[in-house]
Amino acid sequence: NDSCHGFHLPPANKQTSRRVPSIPLQATPSTTSSTTEYPHFDAEVGIIGAGPAGLALAHALQSRNHTLAIYERRSSFRPVGAAVFMHPIALNALREISPALEERLRDVCTTIREISVSSIVDEDLGFGTDRLDEAPETFGSPFVSVRFWDMVKALKGGLDESMFGFGMDLQRFEQHEEEHAALQQ
């Protein structure tokens, strides 16, 4: 199956039948002088952003044997304190990419069994449910909450550190030839 929740993935790269051309990708650091040597990756796919979506995409493409370069504006992975509420369908999508990836994320999540919402402005506005325990039977996975930093750590697991280019700020993309692309500041 070459699709994942409506998105069509490039075909798996086979040693005997290489269907995707190798694209040398380059990016310039976001804060550098003109004498800085830019990192160079020989990769088939360049992913812009090492957030949850970019990391999940990296796992999906890596499982199909594509070589990757992940470009991230931040200078490194670092803790972020926000929490994320995840719908069961998000966990199901991760399971399609990799059951191990979904398990790694579920290990750092908290299952949400009930929820209550109220307003400090409008006393009549409020609702809640204690039926979220039924989510696995209905959706195949529970509703969960996870700290953003824990989610990123779980999703970057299994990806080689050498595929990350930190401190990269995409300003322009140029297609120079059929098999050559460059990312520039």
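Two strands count as paired here if DSSP finds at least two bridges between them. Strands (E, at least two residues) and helices (H or I, at least four) are DSSP runs, numbered from the N terminus. Everything below comes from a predicted model, in which local features need pLDDT of at least 70 and side-chain atom pairs count only at pLDDT 80 or more, while totals for chains, interfaces and linings use all residues. Residue numbers start from 1 along each chain as its sequence is written, and side-chain values use heavy atoms, with hydrogens and water left out.

View 1. Strand 5 and strand 6 run parallel and share four bridges, with Leu68 in strand 6 as the bridge partner of Val45. On the other pairing, strand 6 (residues 68-72) and strand 12 are parallel too, over three bridges, and Ile70 faces Phe164 in strand 12.

View 2. Together, strand 5, helix 1 and strand 6 make a right-handed β-α-β unit, right-handed being a clockwise path from the first strand over the helix to the second when the strands point away from the viewer.

**View 3. Strands 7, 11 and 8 make an open antiparallel sheet.** The order is 7-11-8, and the edge strands, strand 7 (83-86) and strand 8 (110-111), each pair on one side only. Strand 8 and strand 11 (residues 144-147) are joined by two bridges, with Thr111 opposite Val144 in strand 11. Helix 5 lies across strand 7 and strand 11, at about 90 degrees to strand 11. In helix 5 (residues 148-156) you'll find Asp150, which is buried at 13% relative accessible area. The Asp150 side chain makes a polar contact with that of Arg147 (2.9 Å); such a contact is a pair of N or O atoms within 3.5 Å, where within protein one must be able to donate a hydrogen and the other to accept it, and residues adjacent in sequence count only if both atoms are side-chain atoms.

**View 4. Aromatic rings meet in pairs.** The whole structure holds five aromatic pairs (Phe, Tyr or Trp rings, the six-membered one for Trp, with centres within 6.5 Å; planes under 30 degrees apart are stacked, over 60 edge-to-face, the rest tilted). Phe77 and Phe166 have ring centres 5.1 Å apart and planes at 80 degrees, so they pair edge-to-face. Phe77 is in the loop between strand 6 and strand 7 and Phe166 in strand 12, so this pair ties together parts 89 residues apart in sequence. Ring pairs link Phe77, Phe164 and Phe166 into a cluster.

How values were computed. Buried means under 20% relative accessible area, exposed over 50%, partly exposed in between (1.4 Å probe, protein chains only). Contact means heavy atoms within 4.5 Å. Axes are lines fitted to C-alpha atoms, for helices over the stretch in contact, and angles run from 0 to 180 degrees between N-to-C directions.
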